[in-house]
Amino acid sequence: MAFPSAWLDELFAKNEIVSVISSYVDLKPKGRKLWACCPLHGEKTPSFSVSPDKQLFYCFGCHAGGTVVQFVMDMERLTYPEAIRYLADRVGMEMPENVNDQALKLARQHKNRLYEATRAAARYYFECFTDPELGKPGREYAQKRGLTPEIVKRFGLGYAPESWDGLFNRLTKDGFTKKELLDAGLLVHNEQKNSVYDAYRGRMIYPIIGVNGQVLGFGARVLNNDKPKYINTGDTPIYNKRNNLYGLYLHKNEKLSDLIMVEGYMDVIGLYKAGVTNAVASLGTALTQQQARLLKRYVDTVYIAYDGDAAGQNATVRGLDILSAEGLQVRVISFPDDLDPDEYVQIYGKTGFDRLKENALSLNEFKVRSLANGFRLNDENDRERYAVRACAFVGTLQPIEQERYYKVISELTGYAVEALEAQGARSGGMVLSEQPVSLRRGGFRRRNDSPEQPRFIQERTLLAACITDPEALKVAIDAGAGTLFLTEAFRTFFEALIQDPKLSIPQYVSAIPSEDAEAISSLLKEEGVMKNAVRTAKDCIRRLQEADGQASLEELQKRLAEPGLSASEKAELLQKIQTQIKAKK
């Protein structure tokens, strides 16, 4: 959401970052920065820094960073608009509801209409569910799944009758336009017939409610075995599934020790019905970094409780590193007999689920055990291959962990622990799955303690030089340095500096995604280090250009080695390679 520039300037001036953060932690001056133990991840040695000059904070431990807005978002579990309102209320500023920016005003009005439309749709579906005739199929399905009237009401469940235009007729009668209903994802446009029809028909409806209490979209399930089983609202101006979690709104004002991550709507509801009330679901998508960050606002520990089948286990493996990379403690609940959480609690109840939770696997034990899924452990050769691979992974862990997990491998394979330890020592260590890398196009990812890539450091140092000295920025612009930034957050920020050398960094950083704000805030690592920003910029540009030239040369050499090239293609590649080599001299 955009806010008027002048209004934001006043907001930041009145919410100076040191004064806001000082109300949470005791900041101590050291050099040009202020320092404290990080309030976001907990530590004994201060690594949390605040730069009054740039109005940014950055934690060298957990890599969180940004402006006063990102800080409030993390500390108070708020969205961006909520954080802006929080800061405005803090200093007694009125929100700019009546700004003279017509486009902003219209966009806000349109979003509000979409919220009203989804809320009206949720009422319609609930009324259909309770209607003696229309809702009979939905009620029969709910009864079969053990959904009591209390559960239906708690989760706002509904039913979409077998009608092509029931919702359309109801909501247009209430004053909503066809465009508003299309933009909210409630209608589907048939391009061939140039007509519209209801998005959901003959399905059980699960409203998706945001932590702001607004209905954002819907999940819709068939009542039989037809495919697809679920249809979900796509991205709209008010909803993106990557940024939300089903059921999280129930916990907005609660203090929880942990949350349980499941796959589907019915898993959340089934667990809730059994008395396990702290489950959330990932809305039909693989777990995303944005969802992990959302979880981090609420708890420090997450239990992954995905289905027991192969697909569920694969999803668990993918989700582990995403959660761990955000500093969350992760444990895995394994379900027997390919059951999903809802099916399991129907059989064994909350007592059985609590027993599984007590025996949940640590992240690394789950990895060691899940590695075995690709091998037949009753086959001698496969068993040996599994042991070699698992030992290589365990060899990367801390010694005290190694002792524990070599015992797990021994349990699975029958090999002696001493032999497994020797194998792990020989392997030299192997990373089971790559840590998130910050150099991929698409932005910055928070890492644990993995070393930063040299390329990332060079790009960051160049950008730090550009904001330290206008002459360094001019050198970078003249050199066409925009093409040298592979980290998207850096490249976008550099382009913004080109457009406006006097860019308000706090305003810019406050409005970008958290992962990008962290990348820009990591520039504070270079603050006060460089003595000559212009010389530093020139040196970084030279090194980045050399790296790109080497990468280009290696790519040409790789293509030359490909089979099936014609003589003319080889000659052309050789010419390019020779040109590249001469340019390096």
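**Sheet edges and a helix pair**

Student: Which residue stands opposite Gly 66 in β5?
Tutor: Phe 57 does. This is a predicted model, where local features need pLDDT of at least 70, side-chain atom pairs count only at pLDDT 80 or more, and totals for chains, interfaces and linings use all residues. Residues are numbered from 1 along each chain as its sequence is written, and side-chain values use heavy atoms, with hydrogens and water left out.

Student: How many bridges pair β4 and β5?
Tutor: Two, in the antiparallel sense, with β4 covering residues 56-59. Pairing takes at least two DSSP bridges between two strands. Strands are DSSP runs of E, at least two residues, and helices runs of H or I, at least four, numbered from the N terminus.

Student: What order do the strands take in the sheet?
Tutor: β1-β2-β3-β4-β5, five strands in an open, antiparallel sheet. β1 (28-30) and β5 (65-66) are at the edges with a single partner strand each, so one side of each lacks a neighbour in the sheet.

Student: New topic. At what angle do α19 and α20 pack?
Tutor: About 105 degrees, with the axes 11 Å apart; α19 is residues 470-478 and α20 is 488-499. Axes are lines fitted to C-alpha atoms over the stretch in contact, and angles run from 0 to 180 degrees between N-to-C directions. The two helices are therefore roughly perpendicular (65 to 115 degrees).

Student: Which residues make the contact?
Tutor: Leu 473, Ala 476 and Ile 477 of α19, and Phe 494, Leu 497 and Ile 498 of α20. Contact means heavy atoms within 4.5 Å.

Student: What about confidence, the mean pLDDT of the chain?
Tutor: It is 85, and 90% of residues reach 70 or more. pLDDT is the predictor's confidence in each residue, from 0 to 100. Over residues 429-451 pLDDT stays under 50.

Notes:
Angles under 35 degrees count as roughly parallel, over 145 as roughly antiparallel, 65 to 115 as roughly perpendicular and the rest as oblique.
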